[in-house]
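Colleague: Could you take me slowly through this model, beginning with the whole chain and then moving to single residues?

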Amino acid sequence: MQQAAVATSAPVEKNNSRITNGWAMYDWANSVYPLVITSTIFPIYYGSVAVNERGQDMVNFLGFNLPGSSLYTYAISASFLIIAGLSPILTAIADFSGRKKLFLRFFCFLGAASCAGLFFFTKETFGLSVLLLMSATIGWAGSIVFYNSYLPLIATEDQYDRLSAKGFSLGYVGSVILLVLSLVIVLKPDLVGIDPANKALPPRISFLFTGLWWAIFGQFALSRLPADTGRPDHMPAAQGNFLLNGFHELSNVWQQIKQLPMLKRFLLAYFTYNMGVQTVMYVATVFGDKVLKLESQALIITILLLQVVAILGAYLFARLSEAIGNTRALSWSVAVWALICVAGYFVQAGWSFYALASVIGLTMGGVQSLSRSTYSKIIPENTPDTASYFSFFDVTEKLSIVIGTAVFGIISQITGDMRNSILALIVFFILGLIFLFRMRGQNLRPDAATAEETPIRQAAL
């Protein structure tokens with residue numbers, strides 16, 4: 001296998017609290033997007049706008065008539081498909097040029113500005129607002145791959161699980177704080193001087209606050225991450241343009257990946273179970289609104305509670321992985337998700353819904369945090385090409401979201417019942433479990449022979 005070169009231009013002190021805390025704070029900054037925009041206030045507001053003149057779930061978008069709920073899932077799918085296509089090239093360029101932070105900053109502000117632009121979302125601006133939703137999603141998804149790539153650069157392997165859990169936990173806390181502030185505006189507009197009769201304005205103000213929160217705290221996190229140092233010492237002198245060099249760098253990383261069987265096995269497992277996890281997270285609010293007919297306030301408060309439980313879940317599964325290994329801990333989490341699909345098919349409004357939401361919250365934080373830290377343990381230690389490696393993780397994640405949300409939307413559109421879509425997701429979790437079982441009892445990193453070429457510390461599954 002090609003030896004993983006170590007950049008010598010600017011070594012980063014690992015486990016430096018200022019850097020690691022700054023890194024974790026980007027979760028605090030960007031997690032307001034998935035909570036406010038994809039999970040709570042925006043889907044509810046979108047559902048109230050995405051109806052025809054008879055109040056039916058039907059809209060016209062770019063000349064096509066289709067259910068507004070299906071358009072929502074299609075827009076999410078298209079956004080992730082776009083970033084999945086761009087991510088490998090952009091991360092390779094970032095590795096070649098040594099400018100991870102520049103790309104992270106660009107996508108951060110793209111997403112933040114798009115969220116703020118949703119302040120102007122009305123029936124009259126419906127088409128443009130859907131495009132802004134897609135732009136916000138691209139900004140969020142694009143920034144995550146560069147953000148994740150810093151984990152193996154700033155921490156030692158024994159800290160991956162806990163630091164990853166810390167990031168997700170801070171994200172849940174920060175997003176909850178902003179959601180509470182948004183709820184005050186949405187539910188009690190008169191307290192902030194807004195006419196309660198103007199029901200459209202408070203949600204739109206929350207979208208503006210989301211963009212501002214993301215931009216401000218994102219800049220705080222960026223200020224603490226290591227500065228871009230330019231082209232690493234191991235990289236050849238630039239020949240031609242950065243795009244061609246990006247392709248060359250991506251090809252080099254791909255050649256290395258082909259000789260890492262455990263990495264390929266994990267990506268296959270992650271691809272399958274993540275289709276189910278992400279789809280449930282993206283459509284949960286729409287499901288509660290359209291199928292269970294829950295009141296908006298009940299939906300938002302439930303998801304607020306879910307975020308709080310997820311903090312416990314992230315740390316619980318980090319400790320579990322320390323006790324029984326990453327793959328076993330992930331397997332337990334995925335098995336619970338499979339049961340969630342079965343329960344979701346039968347769930348009704350009331351105590352069963354709240355119980356199911358609590359279980360989702362507990363496993364949501366665990367599976368996301370452990371997936372990121374497990375992948376960090378598999379990539380070659382001390383490789384400078386972390387962004388390129390994480391682009392494959394990112395593409396796997398995004399394609400799984402594209403397929404998962406698209407399958408959910410198609411089944412729902414064909415059968416006319418979202419419950420059938422929820423139940424169908426169990427297939428993804430079963431396949432994920434099968435692929436995880438194939439990794440049991442093996443080492444995360446290459447065998448000893450390969451380790452002689454690349455100094456890597458063995459990590460047990």
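Modeller: Gladly, and please keep in mind that this is a predicted model. If we take the contacts in the chain between residues at least 6 apart in sequence, the share that joins residues at least 24 apart is 83%.

Colleague: Is V180 buried, partly exposed or exposed?

Modeller: V180 is found in helix 8, which covers residues 160-187. Buried means under 20% relative accessible area and exposed means over 50%. Because the relative accessibility of V180 is 36%, this residue counts as partly exposed.

Colleague: Which residues form a nonpolar patch on the surface, and what is their accessible area together?

Modeller: The nonpolar patch on the surface is formed by V180, V184, L191 and V192. Taken together, these residues have an accessible area of about 330 Å².

Colleague: Which residues does L208 touch, leaving out residues up to four places away in sequence?

Modeller: L208 is found in helix 9, residues 201-224, and with a relative accessible area of 28% it is partly exposed. When residues up to four places away in sequence are not counted, L208 touches C115, A116 and F119.

Colleague: How far apart in space are L208 and L118?

Modeller: Along the sequence, L208 and L118 are 90 residues apart. In space, taken from C-alpha to C-alpha, the distance between L208 and L118 is 7.0 Å.

Conventions: Residues are numbered from 1 along each chain as its sequence is written. This is a predicted model: local features need pLDDT of at least 70, side-chain atom pairs count only at pLDDT 80 or more; totals for chains, interfaces and linings use all residues. Side-chain values use heavy atoms; hydrogens and water are left out. Patches are made of residues with over 30% relative accessible area and no salt bridge: like charges are joined within 9 Å, nonpolar side chains (Val, Leu, Ile, Met, Phe, Trp, Tyr) within 5 Å. Accessible areas come from the Shrake-Rupley method with a 1.4 Å probe; for residues, only the protein chains shown count as cover. A salt bridge is a side-chain nitrogen of Lys or Arg within 4 Å of a carboxyl oxygen of Asp or Glu. Helices (H or I, at least four residues) and strands (E, at least two) are DSSP runs, numbered from the N terminus. Buried means under 20% relative accessible area, exposed over 50%, partly exposed in between (1.4 Å probe, protein chains only). Contact means heavy atoms within 4.5 Å.
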